[in-house]
Amino acid sequence: NKMIDNLLTRYHSASDSFNLFIEQNSYKDTIKTVLNEISYMFENKNQKITLKYLAQTEEFEYDKTEIKRVLLNLLQNASEYTQKNGEIKLIVEEDNSNIITIVQDNGYGIEKKDLEHIFDKNITLAKKYRKVGAGLGLYICKTLISMHNGNISAKSEPTKGSTFTFILPKQH
């Protein structure tokens with residue numbers, strides 16, 4: 001289902017008719033919805049998911065459907081590439097004009113040579129870990145974050161986990 005959703009989103013976002021629906025939304029509510037939708041993934045692998053909402057801002061302007069898609073992709077990847085009994089953290093911070101979201105895991109990690117291309121279209125490390133993937137999830141995340149005038153980055157080391165950070169402006 002995730003791959004099909006990513007394929008459809010990829011082709012939809014590439015069309016000229018794709019527009020974001022930016023409105024005031026509760027980020028806390030969006031995060032809670034996402035965590036409820038995928039809690040079974042963490043439970044199946046006995047993974048600990050921790051939410052630290054450190055930002056004072058709870059509501060700001062963004063496309064709820066598309067940012068939910070970004071969060072789902074990042075958290076599903078974190079679970080998929082983290083061993084049983086692993087730990088995943090979702091941290092929300094802010095500065096004067098941005099909301100900063102961090103998804104951190106203690107999973108397999110990514111080699112430096114692979115990290116350079118992780119947001120490119122059709123790049124996947126799935127085969128390396130005997131998983132299935134089309135290489136569109138992180139590309140779509142980058143596209144959607146860019147459409148929000150934000151940015152996304154990744155840091156990782158093999159065997160030490162990965163950290164994905166995306167920054168969204170509070171106002172458009």
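**Entry 1: helix 2 against helix 3**

Helix 2 and helix 3 pack at an angle of about 35 degrees, and their axes lie 10 Å apart. I noted the hand of this crossing as right-handed. The model is predicted, so I keep in mind that local features need pLDDT of at least 70.

Which residues of helix 2 meet helix 3? I listed Tyr27, Thr30, Ile31, Thr33, Val34, Leu35, Glu37, Ile38, Met41 and Phe42. On the side of helix 3 I found Lys64, Ile67, Lys68, Leu71, Leu72, Leu75, Gln76 and Ser79. Then I sorted this contact by class. It has eleven nonpolar, four polar and three charged residues.

**Entry 2: helix 3 against helix 5**

Helix 3 and helix 5 pack at an angle of about 145 degrees. Their axes are 9 Å apart. Here the crossing is left-handed.

From helix 3, the contact uses Glu66, Ile67, Arg69, Val70, Asn73, Leu74 and Asn77. Helix 5 brings Gly137, Leu138, Ile140, Cys141, Leu144 and Ile145. I counted classes again: eight nonpolar, three polar and two charged residues. I also saw that Ile67 is listed in the contact with helix 2 and in the contact with helix 5.

**Entry 3: the core**

I looked up the largest nonpolar core. It holds 38 residues. Which of them touch the most other members? They are Tyr27, Ile31, Leu71, Leu74, Leu75 and Phe166.

Leaving out residues up to four places away in sequence, Leu75 touches Val34, Leu35, Ile38, Phe42, Ile49, Ile88, Leu90 and Val103. Among these, Val34, Leu35, Ile38 and Phe42 are also in the list for helix 2 meeting helix 3.

**Entry 4: the whole chain**

Last, I stepped back. I found five helices and seven strands in the chain. From the N terminus on, they run α-β-α-β-β-α-β-β-α-α-β-β.

The chain has 172 residues, and 48% of them count as buried. The accessible surface comes to about 9500 Å². Carbon and sulfur atoms own 47% of that surface.

I checked contacts between residues at least 6 apart in sequence. Of these, 72% join residues at least 24 apart.

Notes: Residues numbered from 1 in each chain as written. Predicted model: local features only at pLDDT ≥ 70, side-chain atom pairs only at ≥ 80, totals over all residues. Heavy atoms only, no water. Core = buried A, V, L, I, M, F, W, Y, C linked by side-chain atoms within 4.5 Å. Buried < 20%, exposed > 50% of the residue type's maximum accessible area, 1.4 Å probe, protein only. Contact = heavy atoms within 4.5 Å. Helix = DSSP H or I, 4+ residues; strand = E, 2+ residues; numbered from the N terminus. Areas by Shrake-Rupley, 256 points an atom, 1.4 Å probe, with all protein chains shown as cover. Axes fitted to C-alpha atoms, helices over the stretch in contact; angles between N-to-C directions. Left-handed = near helix turned anticlockwise from the far one by under 90°. Nonpolar A, V, L, I, M, F, W, Y, C, P; charged D, E, K, R; others polar.
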